[in-house]
Amino acid sequence: MSEFFTLKLVGDKLHILDQTKLPLVEEYIITDDPERIAVAIERLEVRGAPAIGVAAGYGLAIGFKNFTGDVEERFHALFNRLASTRPTAVNLFYALDEMKKSFDENTSSSDLYQILIKKAVDIHNEDIELCENMAANGLEIFDSPKNVLTHCNTGQLATGGGGTAFYVIKNAFDNGLVKFVHADETRPLLQGSRLTAFELDKAGIPFAINPDGAAGYLMREGKVDLVITGADRIASNGDSANKIGTYQLAIMCQYHSIPFYIAAPETTIDRNISSGKEIKIEFRSGDEVRQISGTQVTRDNYDVLSPAFDITPSELISGIITDKKVYRKPYNF
Ligand code: MRU
């Protein structure tokens with residue numbers, strides 16, 4: 001892993017690398033305020049499905065520092081506030097539910113703060129291990145060195161550990177199995193051109209950023225052998241929600257006979273839902289499209305429709321790499 005970190009508990013404070021400023025400025029938000037952590041998730045200062053879950057775990061725990069009031073009331077208020085930040089990534093709800101189990105078992109403990117901090121650290125450490133296993137399992141999809149295209153950011157910045165799809169690609173590169181990476185810029189918030197490029201550069205992997213609309217061209221030109229993305233929620237039938245634009249990539253892969261893989265930890269699988277139809281898609285503010293990095297590019301009165309995620313139907317997914325194994329079609333989680 002590279003020398004920067006995404007999230008770290010230092011003493012009683014959470015340090016969060018502000019991803020809205022990357023790659024031009026590497027600045028950390030240092031806070032012990034759970035509301036500030038909730039706002040950081042909403043603003044995408046910390047983002048990526050597993051990283052959101054890890055941040056929420058710390059946010060809940062930190063809310064009990066020096067707290068002397070009604071712990072039940074406090075827990076439910078913090079839980080609901082953090083749960084309201086972003087609806088699509090199931091990892092947020094996985095982490096909050098894990099924190100709730102720990103709270104329910106220790107409600108009357110005088111050590112509640114320390115117990116919840118330990119639980120948040122456990123969730124973080126679990127994510128680090130899941131990333132390692134995913135990266136190792138992902139090697140099996142490479143039979144020779146490949147040119148890979150990826151979408152959004154799925155690396156260290158998006159998780160508590162080394163990443164999902166990005167970490168599979170990095171491990172394959174370290175094993176001589178990746179020649180070049182095409183990074184979709186990922187409009188409107190540019191997670192590809194700002195964050196994935198930052199991580200590819202730090203990892204020494206040869207890459208180029210392309211506008212999202214260039215992916216089909218690159219495939220037709222024979223420049224892409226394989227596409228790997230992450231996921232924010234995977235239904236029992238394998239339908240997968242990921243950053244807007246993933247669905248069209250999967251369709252183009254099918255047309256060009258290019259394998260399309262998802263890499264995600266088992267904590268991203270939502271076994272409570274049968275298909276992607278049940279996944280709630282987050283819609284973002286139109287200003288994120290009307291402006292680019294704070295600069296107005298179109299008129300304020302123009303309507304914008306900005307879904308942050310789309311659903312890729314399972315039949316378009318060649319395989320799902322998790323920390324346990326590589327699943328193949330048909331999926332039945
Ligand atoms: O809106 P974001 O930046 O949180 O979206 C992130 C993604 O879509 C990632 O691909 C996804 O979380 C899976 S990888 C950790």
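Reader: Before anything else, where do domain bounds come from?
Author: Domain bounds are taken from an automatic or database domain assignment, and for this protein chain the assignment gives domain 1 (7–133) and domain 2 (136–328). The model is predicted, with local features needing pLDDT of at least 70 and side-chain atom pairs counting only at pLDDT 80 or more, while totals for chains, interfaces and linings use all residues. Residues are numbered from 1 along each chain as its sequence is written, and side-chain values use heavy atoms, leaving out hydrogens and water.

Reader: How far apart are the C-alpha centres of the two domains?
Author: The C-alpha centres of domain 1 and domain 2 are 25 Å apart, and the contact (heavy atoms within 4.5 Å) draws 31 residues from domain 1 and 37 residues from domain 2.

Reader: And how much area do they bury between them?
Author: Domain 1 and domain 2 bury about 2,700 Å², with 54% of it on carbon and sulfur atoms; buried area here is the accessible area (1.4 Å probe) that two parts lose on being put together, summed over both.

Reader: Switching to charges, how many salt bridges are there between the domains?
Author: The count between domain 1 and domain 2 is two, where a salt bridge is a side-chain nitrogen of Lys or Arg within 4 Å of a carboxyl oxygen of Asp or Glu.

Reader: Okay, and which residue does Arg86 form a salt bridge with?
Author: Arg86 pairs with Glu282, and the closest N and O atoms of this salt bridge are 2.9 Å apart.
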